[in-house]
Amino acid sequence: MAGFAGFAENITPTTWDPYSDYYSGNHEDSSPCEFGELWSFGKVFLPTFYSVVFILGFIGNSLVVCVLVIYRNQINLTDICLFNLALSDILFVLTLPFYAHSSRVGQWTFGSFMCAFISGLHSTGFFCSTFFMVVMSIDRYIAIIYAHKMLRYRTSRAGVALSMAVWMLSLGVSLPVFMFTKVNGSQEVMCYYDPEMDAWKHYNIFTTNILGLLIPFLVMIGCYSRIIPILMKMKTTKKHRVVKLIISIMVVFFVFWTPYNISLFLKFLKSVLPGDVCEVEENVRLAVTVTETLAYTHCCLNPIIYAFVGQKFMRRVLQLLKKCVPWISLSSTWNDPDSSFRNSTRSSEVVSTLVK
């Protein structure tokens, strides 16, 4: 993840790169190329974009958390996963102001401990958010394909245990970031991932590619490719809406994260292949910068995709608004979300599972 990569050595107005050579795994062999235009671009673009993502992501995910906490007596396993997804996105966006500030001033000013701590939280939030999207896909698959067999196992207690396991897994994957991220000497101008062993040099880029994109996307395809045919056979007027939602989940995830992962891999190839072309280096770094900001926007869309499109959740939001603002009247559209297919119990269960 570029966000916790830190900042390059020898920061000057003509050579500073907003990201360290963490991607290459060797910050000591930094390129002598000058990146004045890239530095100027990052100094303005990154703080602005990080700030926007922080505000939108924090507000949207905080609303999800508040609603689920208020209606905690009515939650199920899916709601617990949704709660943790929002919580992990909040953790992720809380680290962005630190990177926005460092991009703006051109150096890391928060000390060695905060360098490792913020970088680790950034990594944990990213992986946790991705893992919970995978868990929600598998949960929907099980709930629909093995509805009656697995019903007794989809309890709130199982949701809590599963959530704890996901958080522990995310912390485990991010542990090297906590351990090997540090500032460069007494100047404390750069926060970078710097393991001593070669085996850890490229750890982050491959965990981001494999655990952050490849495996989650394959799991989504596998689960939803089995769910969609079942939906299309059901007699419910809302099956097309649910299919569109499923396709949106996969397309948005792929579109927002794939360019960033490709850029990271190109950065890795640039570091191991012979040749030192400054123009290529600058283009690759610019690609990483732009695609990273696009990928981070995904945490702002998660509440919309997973929560606000659901009738059950929107009904809770409107009920909460009615309590806070009494003169707001609830639309009858949200009062009985399953009224259009009462005669199909199976369809009702499936749709309510997919659209909370």
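Buried means under 20% relative accessible area, exposed means over 50%, and partly exposed lies in between (1.4 Å probe, protein chains only). The model is predicted, so local features need pLDDT of at least 70 and side-chain atom pairs count only at pLDDT 80 or more, while totals for chains, interfaces and linings use all residues. Residues are numbered from 1 along each chain as its sequence is written, and side-chain values use heavy atoms, with hydrogens and water left out.

**Exercise 1. Find the salt bridge and classify the exposure of Lys182 and Asp194.**

Step 1. A salt bridge is a side-chain nitrogen of Lys or Arg within 4 Å of a carboxyl oxygen of Asp or Glu. By this rule there is one salt bridge.

Step 2. Lys182 pairs with Asp194, and their closest N and O atoms are 3.6 Å apart.

Step 3. Helices (H or I, at least four residues) and strands (E, at least two) are DSSP runs, numbered from the N terminus. Lys182 sits in strand β1 (residues 181-183) and Asp194 in the loop between β2 (191-193) and α7 (203-233), so the bridge ties together parts twelve residues apart in sequence.

Step 4. Lys182 has 32% relative accessibility and therefore counts as partly exposed. Asp194, at 13% relative accessible area, is buried.

**Exercise 2. Describe how helices α2 and α3 pack.**

Step 1. Axes are lines fitted to C-alpha atoms, for helices over the stretch in contact, and angles run from 0 to 180 degrees between N-to-C directions. For α2 (residues 77-94) and α3 (residues 96-105) the angle is about 20° and the axes are 5 Å apart.

Step 2. Angles under 35 degrees count as roughly parallel, over 145 as roughly antiparallel, 65 to 115 as roughly perpendicular and the rest as oblique. The two helices are therefore roughly parallel to each other.

Step 3. With contact meaning heavy atoms within 4.5 Å, α2 contributes Phe92, Val93 and Leu94, and α3 contributes Leu96, Pro97 and Phe98.

**Exercise 3. Classify the ring pairs Phe126–Phe127 and Phe127–Phe131.**

Step 1. Rings of Phe, Tyr and Trp (its six-membered ring) pair if their centres lie within 6.5 Å; planes under 30 degrees apart count as stacked, over 60 as edge-to-face and the rest as tilted. The count by this rule is 20 aromatic pairs.

Step 2. Phe126 and Phe127 are edge-to-face, at 4.8 Å centre to centre with 65° between the planes. Both Phe126 and Phe127 are buried.

Step 3. Phe127 and Phe131 are tilted, at 5.9 Å centre to centre with 35° between the planes.
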